[in-house]
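This report describes selected packing features of the structure shown below.

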Amino acid sequence: MYDGGSFKIPVMIHHVHDDAEAHRDLKASHVLPKNFDASWANHKMILVHWDQDVWPMDTEASMLFQRVRRWIDYCLEPESADTAVANLEELYLRRLAVDPGHAKWWLFVQFAWLVFGRAMELLRTFSAARAGK
Amino acid sequence: MDELGKFELPVLAAVARLRGNAYGVSVMDEVSKREGREVAYGSVHVTLDRLKDKGFVTSKMGEPTAERGGRRKRYYQMTGKGEAALVAARSRSKATFEGLGWLKPVGA
């Protein structure tokens, strides 16, 4: 499983001026264009952070998600956190597409629900242990 | 036998209905559709974890897809114990409404 660091991937970019443009092109499409030229001269190696730059998020939205993600990692067990982050990211991107104005608050509410749910689970486990179940 | 909680019932029913495609987001969409209201992902996630702890569902990781930037989906599947709990819940619900056939559907 990928450890969350960075990796390099070859990306075909036409008329590359800078890395910013390369990132924009990568965000725009994961599929090769019709006029794909397999020549390596048209490829550029760029650094891509896993689940950070591959999604077409704007910078602020992406940074916000990374912050929330870190808190989820603190609050949930590792296996549960991985699943929650992946699903939440899919839903967040969907929300950004249909209602960008409220996406930020929506994300906070989802995070609050996750933490509240986790707290209730701990309480339930604690109560059951005390009751000897 | 463990009984299904109030929110566990629609979540387990969604897993059963979605069969091979039950993962967090699809389960949330299915529950929202059936309940007629938007449900929070957090509550679905926690409920799925609890159903797993109770042995009503099992989960396995799917293959990474470009669709989610390489992130894998965790798929849930109902177990025999889960099916028995769902059948028991249906029987209880049926018993609750027995003799109330005269109730008219909403909006009728």
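## Contacts of Ile72(A)

In this predicted model, Ile72(A) touches Ala81(A), Ala84(A), Val85(A), Leu88(A), Phe111(A) and Leu114(A), leaving aside residues up to four places away in sequence.

## The largest nonpolar core

Ile72(A) is also one of the residues with the most contacts inside the largest nonpolar core, which has 44 residues. The largest share, eight residues, comes from α3(A).

In soluble globular proteins, nonpolar side chains tend to be buried together.

## Gln110(A)

Helix α4 of chain A, residues 103-130, contains Gln110(A). Is this residue buried or exposed? Gln110(A) is buried, because its relative accessible area of 4% falls under the 20% cut-off. Apart from residues up to four places away in sequence, Gln110(A) touches Leu88(A) in chain A, and Ala40(B), Tyr41(B) and Gly42(B) in chain B.

## Helix α1 of chain B

Helix α1 of chain B spans residues 8-18 and is mostly covered, with eight of its 11 residues buried. These are Glu8(B), Pro10(B), Val11(B), Leu12(B), Ala13(B), Ala14(B), Val15(B) and Leu18(B). Within chain B, the buried residues of α1(B) pack against the helices α2 (24-35), α3 (41-53) and α4 (80-96), and against the strands β1 (57-61) and β2 (74-78).

Key:
Residues numbered from 1 in each chain as written. Chains lettered and ligands numbered in written order. Predicted model: local features only at pLDDT ≥ 70, side-chain atom pairs only at ≥ 80, totals over all residues. Heavy atoms only, no water. Buried < 20%, exposed > 50% of the residue type's maximum accessible area, 1.4 Å probe, protein only. Helix = DSSP H or I, 4+ residues; strand = E, 2+ residues; numbered from the N terminus. Contact = heavy atoms within 4.5 Å. Core = buried A, V, L, I, M, F, W, Y, C linked by side-chain atoms within 4.5 Å.
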